Amino acid sequence: MFLDVATIYIKAGNGGDGAVSWHREKYVAAGGPDGGDGGKGGDIYFEASAAMNTLAAFRYSQHFRAENGANGSGRNCTGRAGKDVIIKVPCGTVVKDAESGGIIADVYKEGERVLVLQGGRGGRGNAKFATAKRRSPGFSETGERTVERKIVLELKTIADVGLVGFPNVGKSTLLSVISAARPKIADYHFTTLSPNLGTVVYGDESFVVADIPGLIEGASKGVGLGHSFLRHVERVRLIVHLVDISGIEGRDPAEDYIAIRKELTEYSPELGALPEIVVANKCDLQPDESAFEALEKVCGSKVLRISAATTAGIEEFKRVISAKLEELPPAEPLRFVPFEYEAKDRDSFEVHKENGVYYVTGGYVEELARRVVLNDGDSFRWFQRALREKGVIAELRAQGIEDGDVVDIMGVEFEYVP
């Protein structure tokens, strides 16, 4: 099954907790704190793989979680870092944040690896909180917790040439003639259900052609399958517009050309501005020269004449395409401003009063809470001093707090004592 859009959920690993431990050794009195730090959580990477050509692997595997960091231990031993998760995707996969639609990465080249989520930092052990005055801290720091993110993957086929045209004009047949690709070919009026790629060799050069399915009138607005597959033509350097010149199905070749051009331009002005070569297929079935003249008048250029069924004109077709590609710049990844998740707020705080209770919130308080053990005297005194040094106590006083008022910090209520 071909799948070119997938939604997955990813989460980096949490950081490990720091340890509370005391050095114990024979003949060594008051060995002091030796609790080690927690390990860093695992990261989430995306890696381009040429061995994949669809996103079908994500139809049933949608949740990816990196390993949490291990907790620290005694003797100043740091916990083991969590294992990273490397998610392999086809070359040309665009990674987007599902909520905002922002592009996080374009995983373009084979082997390219992109870091998308970083694991949480490990918490510090009690050894890190020892000072000249606080020689025996009975508290440590918990590891940083990470947030699960919803991600959309979009596969945009990487090819030099995009083969476009109405269904049944001979795109699949042409691709099978000029390359080793073997797309499903039949005389049907509905479209191919997935893009097909083929490598064309001409002389010492080669180029990749993508048969882009789903183009019918209204495709740019979501009619049929066109809107789903137009994304695959966005990366190409050259558009080859294939037209059925025979008219055996009762359609006018010139009108077909105009309709497809309209869909390309409406979907993306940049797509409509790409270099184009117009090719008249099934020319062996059209003896009337006026049909070719009418098409050339509409497209404003000389039309290549071929018959994919009889292979007439195929060598000239490959020569012209190869020569045109040599004039064009090489393909490049998408140009975009990378979307980045907001860095965790570790410094701000807010104080507001509601129903007689003073609430202290913000990233600074959340970060501080990781380091507090309320039933430990040293830890609580350190917590109070940190609030004073940061200006939280001063802000409470500025807002009129009085002796005995209740202060809520991270869901824990305290009685204010000046």
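In this predicted model, Arg 397 is exposed, with a relative accessible area of 52%, a value that counts as exposed because it is over 50%. The residue lies in helix H9, which spans residues 392–398. On the surface, Arg 397 gathers with Lys 133, Arg 385 and Arg 388 in a patch of positive charge.

A contrasting case is provided by Asn 281, which is buried, with a relative accessible area of 3%, and which is found in strand E13, formed by residues 276–281. When neighbours within four places in sequence are left aside, Asn 281 is in contact with Val 169 and Gly 170, with the run of Leu 242, Val 243, Asp 244, Ile 245 and Ser 246, and also with Ile 306, Ser 307 and Ala 308.

For the protein as a whole, 9 helices and 18 strands are assigned, and buried residues, Asn 281 being one of them, make up 49% of the 418 residues. The protein exposes about 21,100 Å², of which carbon and sulfur atoms supply 49%.

Key:
Residues are numbered from 1 along each chain as its sequence is written. This is a predicted model: local features need pLDDT of at least 70, side-chain atom pairs count only at pLDDT 80 or more; totals for chains, interfaces and linings use all residues. Side-chain values use heavy atoms; hydrogens and water are left out. Helices (H or I, at least four residues) and strands (E, at least two) are DSSP runs, numbered from the N terminus. Buried means under 20% relative accessible area, exposed over 50%, partly exposed in between (1.4 Å probe, protein chains only). Accessible areas come from the Shrake-Rupley method with a 1.4 Å probe; for residues, only the protein chains shown count as cover. Patches are made of residues with over 30% relative accessible area and no salt bridge: like charges are joined within 9 Å, nonpolar side chains (Val, Leu, Ile, Met, Phe, Trp, Tyr) within 5 Å. A salt bridge is a side-chain nitrogen of Lys or Arg within 4 Å of a carboxyl oxygen of Asp or Glu. Lys and Arg count as positive and Asp and Glu as negative; His and the chain ends are not counted. The place of a charge is taken as NZ of Lys, CZ of Arg, CG of Asp or CD of Glu. Contact means heavy atoms within 4.5 Å.
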